[in-house]
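Me: I would like to go through a protein model step by step. Please show it first.

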Amino acid sequence: MAESVQEFFQTLESRADSSKTAGMTSSYLFDIDGAGQWKVDVEDGKITVTEGGGDADAVISSSEETFQKIIAGEQNPTSAYMTGKLKVKGDMGAAMKLQKLF
């Protein structure tokens, strides 16, 4: 595995392409079973990551194994969702925009 889930969220702010996220304003709660929770706020393209829960437009949950495969490029997020390995609650439109972040 390329990086841990923790490392992924610790470095997300610096890795995200602001040209792709410009104009986006949404919040996401990632609930990764076995790794923890992270809240990712996108405010007009600027990304802020905080560890822990909170209110969010969309809640994305999966196992640590599935999420690591997604961030390593070994698992397609859409097929993970379709097979129940990745769950999304809340604003599906906001969740679809997540593809811009990765």
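The questions and answers below concern a predicted model.

Me: In what order do the strands of the open sheet lie?
Reply: The pairing in this sheet of 5 strands is mixed. Strand 3 and strand 5 (86-90) are the edge strands, as each pairs on one side only. From one strand to the next, the twist averages 20°. The order is 3-2-1-4-5.

Me: Which residue is the bridge partner of Val42 in strand 3?
Reply: Strands of a sheet pair through backbone hydrogen bonds, either parallel or antiparallel. Strand 2 and strand 3 run antiparallel and are joined by 6 bridges. In strand 3, Val42 has as its bridge partner Ile47.

Me: Is Asp44 buried or exposed?
Reply: Asp44 sits in the loop between strand 2 (36-43) and strand 3 (46-51). Its phi is positive, about 50°, although Asp44 is not a glycine. Exposed means over 50% relative accessible area. Asp44 has 55% relative accessibility, so it counts as exposed.

Me: How are helix 1 and helix 3 oriented to each other?
Reply: Val5, Gln6, Phe8 and Phe9 of helix 1 meet Glu64, Phe67, Gln68 and Ile71 of helix 3. By class, this contact has 5 nonpolar, 2 polar and 1 charged residues. The axes of helix 1 (residues 5-15) and helix 3 (residues 64-71) come within 10 Å and cross at roughly 50°. The two helices are therefore oblique.

Me: At what angle does helix 3 run to strand 4?
Reply: Helix 3 lies across strand 1 (25-33), strand 4 (58-63) and strand 5. Relative to strand 4, helix 3 runs at about 105°.

Key
Residues are numbered from 1 along each chain as its sequence is written. This is a predicted model: local features need pLDDT of at least 70, side-chain atom pairs count only at pLDDT 80 or more; totals for chains, interfaces and linings use all residues. Side-chain values use heavy atoms; hydrogens and water are left out. Axes are lines fitted to C-alpha atoms, for helices over the stretch in contact, and angles run from 0 to 180 degrees between N-to-C directions. Helices (H or I, at least four residues) and strands (E, at least two) are DSSP runs, numbered from the N terminus. Angles under 35 degrees count as roughly parallel, over 145 as roughly antiparallel, 65 to 115 as roughly perpendicular and the rest as oblique. Contact means heavy atoms within 4.5 Å. Ala, Val, Leu, Ile, Met, Phe, Trp, Tyr, Cys and Pro count as nonpolar, Asp, Glu, Lys and Arg as charged, and the others, Gly among them, as polar. Buried means under 20% relative accessible area, exposed over 50%, partly exposed in between (1.4 Å probe, protein chains only). Two strands pair if DSSP finds at least two bridges between them.
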